[in-house]
Amino acid sequence: MSDLDLLTQSLARNVKHWRSVRGYTLDVLAARAGVSRGMLIQIEQARTNPSLGTVVKIGDALGVSITTLLDYEQGPKVRLVPAEQAVRLWHTDAGSYNLLLAGTEAPGPLEMWRWRLMPGENSASDPHPTGTAELLHVTSGELTLTVDGVKYRVPAGTTASFEANAPHTYGNEGEVPAEMVMAISVPPVQ
């Protein structure tokens, strides 16, 4: 079984599981996540590979991390994630990418990411639920972080934090690749 097939089946199983835990019908989850009921059915039947944005919306609506939705093993209290098991969920032909390094539920979803943005590229994010916080540290190059329409230059060695309940974009307006490590904390579903 390919890695993509494994992730598709894990996503199907975990969306069904967490929807059941939360007591959501397909219609309720669709409304909370802002995705169609048909898309949820395809995901739960492992018939589609949804976009990163769709997986994020479903995770936010369920109050669980992307790691939890894609996890195919229930690990022990200490979990080691070898580099080759990190999951790349977004990439471009030019070489930009993000890499989900690890995640946990503590008490809401907590994720750690590694990003690389090539010159001239960017990745936009829809607003996350109120109370979501992002913390990022630029390790090389310079990140242009745009939050709610305001641009911030974040050079290498600088750390930024922000409330992520507004539209935001990670961009590279420089001439060399920009790399960062980012943590996202999403509040638990009430």
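Reply: W115 is buried, with a relative accessible area of 5%; buried means under 20% relative accessible area, exposed over 50% and partly exposed in between, computed with a 1.4 Å probe on protein chains only. The rings of W113 and W115 form a tilted pair, because their centres are 6.5 Å apart and their planes stand at 45°. Rings of Phe, Tyr and Trp (for Trp, its six-membered ring) count as a pair if their centres lie within 6.5 Å, and the planes are called stacked under 30 degrees, edge-to-face over 60 and tilted for the rest. W113 is buried, as W115 is.

This is a predicted model, in which local features need pLDDT of at least 70 and side-chain atom pairs count only at pLDDT 80 or more, while totals for chains, interfaces and linings use all residues. Residues are numbered from 1 along each chain as its sequence is written, and side-chain values use heavy atoms, with hydrogens and water left out.

A search of the whole structure gives 3 aromatic pairs. One of them joins W90 and W115, a tilted pair with 5.4 Å from centre to centre and 40° between the planes. This pair links distant parts of the chain, since W90 belongs to strand β1 (residues 87-91) and W115 to strand β3 (residues 109-117), 25 residues apart. Helices (H or I, at least four residues) and strands (E, at least two) are DSSP runs, numbered from the N terminus. W90 is buried too, at a relative accessible area of 18%. Through ring pairs, W90, W113, W115 and Y170 are linked into a cluster.

Beyond its neighbours within four places in sequence, L145 is in contact (heavy atoms within 4.5 Å) with several residues, including L136, F162, T169 and Y170.

As to confidence, the mean pLDDT of the protein chain is 87, and 90% of its residues reach 70 or more. Here pLDDT is the predictor's confidence in each residue, from 0 to 100.
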